[in-house]
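Colleague: I would like to go through this model with you. Shall we take it one question at a time?

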Amino acid sequence: MSNIFFDLDGTLINSEHRLYNLFVELCPNCNMTYEEYWKIKRQRYTQKNFLKKYFNFTDIECENFHKTYLLKVEEEKRLEEDFLKEGVIEVLQKLYKKYDLYVVTNRQSKELTLKELEKFNIKQYFKDILVTEQKITKVDLIKKNVQISHIDVMIGDTGEDIKCAKALGIKSIAISWGVLNKEILKEYSPNGIIDEVMELENHIIQ
């Protein structure tokens, strides 16, 4: 039995509307549509670089924006905007019979993370839910809680997830429906990139 580590936001859960709506709320000068915003963001723009380039924010304004953003982004009312990626439940039902599944996320609140997974009816498929609370890296959190093996797999939508897998000496699978586009993901050299949830099982078995 090997382990499969899933990132949460952008991988299992679509949180794009929550993130976009909060950004527009905190940056009233933003007149980008949802589609325009994410087309740019998927090109690997950090929040700070994005604010400075498109809205002429100063360093101090970027810092204040980020602090407020962190305070609000996981408010329970905002989490209602999230929805489960189509096909996730079907894939998890298959995988958890063969593997130990884990969620590994950089969210701040474990309590609200667990509540959301219960709402989407997927919590029961995971052996554990690992939340960094932004106090520890994903690498250290996994090492602290799981006995890893070279046959384990990390699945995520960011360069950080791919780097995490490499640091742990395990396989990485990048998904192209998250916060980075396919071309950017390729630069991190994952073991595979998939475009649809239902492709996951075949890539893991290989």
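Colleague: Is the crossing of α1 and α4 left-handed or right-handed?

Modeller: Keep in mind that this is a predicted model. The axes of α1 and α4 (residues 59-72) lie 11 Å apart, at an angle of about 135°. That makes α1 oblique to α4. Their crossing is right-handed.

Colleague: Which residues in α4 does α1 meet?

Modeller: From α1 come Leu19, Leu22, Phe23, Glu25 and Leu26. The residues of this contact divide into six nonpolar, one polar and two charged. On the α4 side, the residues are Phe65, Thr68, Tyr69 and Lys72.

Colleague: Are α1 and α2 roughly parallel or roughly perpendicular to each other?

Modeller: Helix α1 covers residues 16-26, and helix α2 covers residues 34-41. Their axes come within 11 Å and cross at roughly 100°. Angles of 65 to 115 degrees count as roughly perpendicular. The two helices α1 and α2 are therefore roughly perpendicular.

Colleague: Which residues of α2 make the contact with α1?

Modeller: α1 brings Glu16, His17, Leu19, Tyr20 and Phe23. The contact's residues divide into six nonpolar, one polar and one charged. From α2 come Tyr34, Tyr37 and Trp38.

Colleague: How many disulfides does the structure hold?

Modeller: A disulfide needs two cysteine sulfur atoms within 2.5 Å. For cysteine 27, the nearest cysteine sulfur is that of cysteine 30, 5.5 Å away. For cysteine 62, the nearest is that of cysteine 27, at 9.7 Å. The number of disulfides is zero.

Colleague: Is cysteine 62 buried or exposed?

Modeller: Buried means under 20% relative accessible area. Cysteine 62 has 5% relative accessibility, so cysteine 62 counts as buried.

Methods: Residues are numbered from 1 along each chain as its sequence is written. This is a predicted model: local features need pLDDT of at least 70, side-chain atom pairs count only at pLDDT 80 or more; totals for chains, interfaces and linings use all residues. Side-chain values use heavy atoms; hydrogens and water are left out. Axes are lines fitted to C-alpha atoms, for helices over the stretch in contact, and angles run from 0 to 180 degrees between N-to-C directions. Helices (H or I, at least four residues) and strands (E, at least two) are DSSP runs, numbered from the N terminus. Angles under 35 degrees count as roughly parallel, over 145 as roughly antiparallel, 65 to 115 as roughly perpendicular and the rest as oblique. Contact means heavy atoms within 4.5 Å. Ala, Val, Leu, Ile, Met, Phe, Trp, Tyr, Cys and Pro count as nonpolar, Asp, Glu, Lys and Arg as charged, and the others, Gly among them, as polar. A crossing is left-handed if the near helix is turned anticlockwise from the far one by less than a right angle, and right-handed if clockwise. Buried means under 20% relative accessible area, exposed over 50%, partly exposed in between (1.4 Å probe, protein chains only).
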